[in-house]
Amino acid sequence: MITVSGVGEGTIAEQIGLVPGTELLSVDGRELEDFLDWEFLTAEDRFLLHARLPGGDEVEYDIERPAHEPIGLTLEPPRIRRCANRCDFCFVDGLPEGLREVLYIRDDDYRLSFRYGNFATLTNLKPRDTARIIEYRLSPLYVSVHATDPVVRRWLLRNPAAPDILEQLRAFAAHGIQFHTQVVMSPGVNDGAILEQTLSDLWTLGAPVLNVSIVPVGLTEFSQHDRCREPTASECAAAVALVHRWQPRALAERRRRWAYGADELYLRAGLPLPPAADYGDFEQVENGVGSVRWLQEQVAAAQTRFRAWEGKRIGVCTGTSMGALMPEVLEKLTAASGAQFELIVLENPLFGTRVTTAGLLPGRAFREALRARGDLDLALLPGEAVNDLGLFLDDLSIDALAATVPMPVVASKTFADALPEVTA
Ligand code: SF4
């Protein structure tokens, strides 16, 4: 059963009398569990919907719609699938107390993997989930592999019941499912020979494995430091070297570089980032793989629009990891716009200085840095630091922040996306 949370004006849903609070029970006799069922079972232009209205009446609707016209419903978000693992490096363990409850949920949900690119381990799949992935052809999936050796993987995930990931991927691949994969590298556990084996095994699965990224374990001051540690510069450099050994072969045989290191891996290794062309279609940019080069590409592509900023003084807030790389981006922006950019690099007062990612900066870090900066015309904040509701990790909203600082603030992911606000 799925509950309707909104009905669009003038839509089919409104015309037939569906209202918020209506429970959608089945389509063509098949029970509805979540948005996936709804989307796939209503893909045809004619179907029979069984629903329960808020008053309790159950109604059958024989719906026929013009080709591709949306029904016009918004559904309540699905109940998130909880994780069956207990990784030592889990980000949830690294959170301080007192944040909003939802942040402490360990989610591991193949549906969100398909829809939003969230990485899932596939360790909590029930037979029905497996059947749905195949039937609905949920592809590509984003999969946290970490290690293909089942013993090492179970140890990493702290889950003795974790199924063999190679078998799972092979079975899905036989039904046409493809995968973006990642290895979160925990030094002394899944790096070195285990990492080589993992890449080799994933390669052997063939074209369905679209790529593999290596992301170094990231810990906060609250993480379980007695159980895991972050990799050293030389351990990161070794992983980068492995990536670069794989890339020529992958390029020759599959016309894609296939193996990638996260930006953080290069930064920690003290190595320069590869050029933008080496990231292909930036398929794992949301996972921090090629983020800096991607941003530079966005800036270059939108250069002509930057004239709207001419003569302005703009503060660009970021975390300490991007702080080192941002001057290169800002140099191009300055040349394109005629604006004066000031880089404002912030340490993380919530997680401690070892957390360097801009996306994890709390609202109060920006507030403290900007509240006395009456000399700025605008401040750009990292777009990934706020959620869809405009909230930072510490629950401060961007509107509340804007009310306490003397300049307009805009959350921006590409600089170009901030232009409408600037020109308004
Ligand atoms: S898979 Fe591991 S890191 Fe991810 S939520 Fe579960 S315990 Fe945390």
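Student: How many salt bridges does a search of the whole structure find?
Tutor: The search finds 35 salt bridges, each being a side-chain nitrogen of Lys or Arg within 4 Å of a carboxyl oxygen of Asp or Glu. Bear in mind that this is a predicted model, where local features need pLDDT of at least 70 and side-chain atom pairs count only at pLDDT 80 or more, while totals for chains, interfaces and linings use all residues. Residues are numbered from 1 along each chain as its sequence is written, and side-chain values use heavy atoms, with hydrogens and water left out.

Student: OK, which residue forms a salt bridge with Arg111?
Tutor: That is Asp34, and the closest N and O atoms of the two are 2.8 Å apart. Helices (H or I, at least four residues) and strands (E, at least two) are DSSP runs, numbered from the N terminus.

Student: And are Arg111 and Asp34 buried or exposed?
Tutor: Both Arg111 and Asp34 are buried. Buried means under 20% relative accessible area, exposed over 50%, and partly exposed in between, with a 1.4 Å probe and protein chains only.

Student: What does Asp395 meet in a salt bridge?
Tutor: Its partner is Arg100, at 2.8 Å from N to O. Asp395 sits in the loop between β13 (378–382) and α14 (398–404), and Arg100 in the loop between β6 (73–75) and α3, so this pair ties together parts that are 295 residues apart in sequence. Asp395 is partly exposed, with a relative accessible area of 39%, whereas Arg100 counts as buried at 18% relative accessibility.

Student: How about Glu283, where does it lie?
Tutor: Glu283 and Arg256 meet in a salt bridge of 3.2 Å, N to O. Glu283 lies in the loop between α9 (263–269) and α10 (291–301), and Arg256 in the loop between α8 (233–254) and β10 (259–261), so the parts that they tie together are 27 residues apart in sequence. Glu283 counts as partly exposed at 27% relative accessibility, and Arg256 counts as partly exposed at 28%.

Student: Which residues do salt bridges that share partners join into one network?
Tutor: The network is made up of Glu33, Asp34, Asp37, Arg81, Asp109, Arg111, Arg128, Asp129 and Arg132.

Student: What lines the largest cavity?
Tutor: Its lining is Asn211, Tyr260, Tyr279, Phe282, Glu283, Gln284 and Val289, around about 50 Å³ of space.

Student: And which residues line the second largest cavity?
Tutor: Val243, Gln247, Tyr260, Gly261, Tyr266, Pro274, Asp278 and Tyr279 do, and the volume is about 30 Å³. The elements that give two or more residues to this lining are α8 and β10.

Student: Last one: which residues lie nearest the centre of the second largest pocket?
Tutor: Those are Met1, Glu33, Pro77, Pro78 and Arg79, out of 13 lining residues. The second largest pocket has a volume of about 190 Å³.

Terms used. 1 Å grid on protein atoms, 1.4 Å probe; cavity = no way out; pocket = protein on both sides within 12 Å on 5 of 7 lines; lining within 4 Å. Points joined across faces, edges and corners; volume = space filled by probe spheres on them.
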